Amino acid sequence: MKQCVPGDKLCSGNDCTPGTGVYLREGYIYASRTGYVHRKEEEGVFPVISVVNPVDARVLPHVGATVICKVTSLNARFAKVHILYLGSTMLTHCFRGIIRKEDVRATEKDKVVMYKSFRGGDLVLAKVISLGDVQSNYLLTTAENNLGVLLAYSEAGAQMVPISWTEMQCPLTRAKEFRKVARAQL
């Protein structure tokens, strides 16, 4: 099987029918996710082309796991997030999580201000510290230098650039915004 990534051109829309994990644009079929190209042949019908991922769909976050999550809401005590990735594996279902004020930084925990650490829509690299229970969410932390905001957008809609471990800047307006920035792994 051929491996592909999102945006790879797979074939002409005249030769195949699009299945799952692909999309049709300007007469060609492209991959919409990472995985393997699967072509299902049937007699008298165009073959169906799909992108499948052999990773087990029952992957769950566990204590100590590094996750990528998206901030959905924020208040003075915690940020609510949706967990989207477990390591580099995209989850089939998003799980709810919480980053509490005391779990944002390792030092000076009493000086943390949530709106200066995260904003709605930010993509955050975090670590699972508790599984929670049926009525609560996964408990996450960003209290390590390599954890924090990976991707943020300014009010102007531009992808912000980290300029320190506490600030990001809009490349269009040059406006600075506070964030708990993840240290880049080189």
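**Notebook: rings, core and salt bridges**

I counted two aromatic pairs, taking rings of Phe, Tyr and Trp (its six-membered ring) as paired if their centres lie within 6.5 Å, with planes under 30 degrees apart called stacked, over 60 edge-to-face and the rest tilted. Tyr 23 and Tyr 30 form a stacked pair, 5.6 Å centre to centre with 20° between the planes. The model is predicted, so I note that local features need pLDDT of at least 70 and side-chain atom pairs count only at pLDDT 80 or more, while totals for chains, interfaces and linings use all residues. Residues are numbered from 1 along each chain as its sequence is written, and side-chain values use heavy atoms, with hydrogens and water left out.

I then looked up burial, where buried means under 20% relative accessible area, exposed over 50% and partly exposed in between (1.4 Å probe, protein chains only). Tyr 23 is partly exposed at 29%, whereas Tyr 30 is buried at 16%.

Phe 95 and Tyr 138 form an edge-to-face pair, 5.8 Å centre to centre and 80° between the planes. Phe 95 lies in strand 10 (residues 89-100) and Tyr 138 in strand 12 (residues 138-141), so this pair ties together parts that are 43 residues apart in sequence; strands (E, at least two residues) are DSSP runs numbered from the N terminus.

Searching the whole structure, I found nine salt bridges, each a side-chain nitrogen of Lys or Arg within 4 Å of a carboxyl oxygen of Asp or Glu. Arg 179 forms one with Asp 122, the closest N and O atoms being 2.7 Å apart. This pair links distant parts of the chain, Arg 179 in the segment after strand 16 (176-178) and Asp 122 in the loop between strand 10 and strand 11, 57 residues apart. Arg 179 is buried at 2% relative accessible area, and Asp 122 is buried at 1%. Arg 179 also forms a salt bridge with Glu 177, at 2.8 Å, and Glu 177 is likewise buried. I recorded Arg 119, Asp 122, Glu 177 and Arg 179 as linked in a network of salt bridges.

Methods:
Helices (H or I, at least four residues) and strands (E, at least two) are DSSP runs, numbered from the N terminus.
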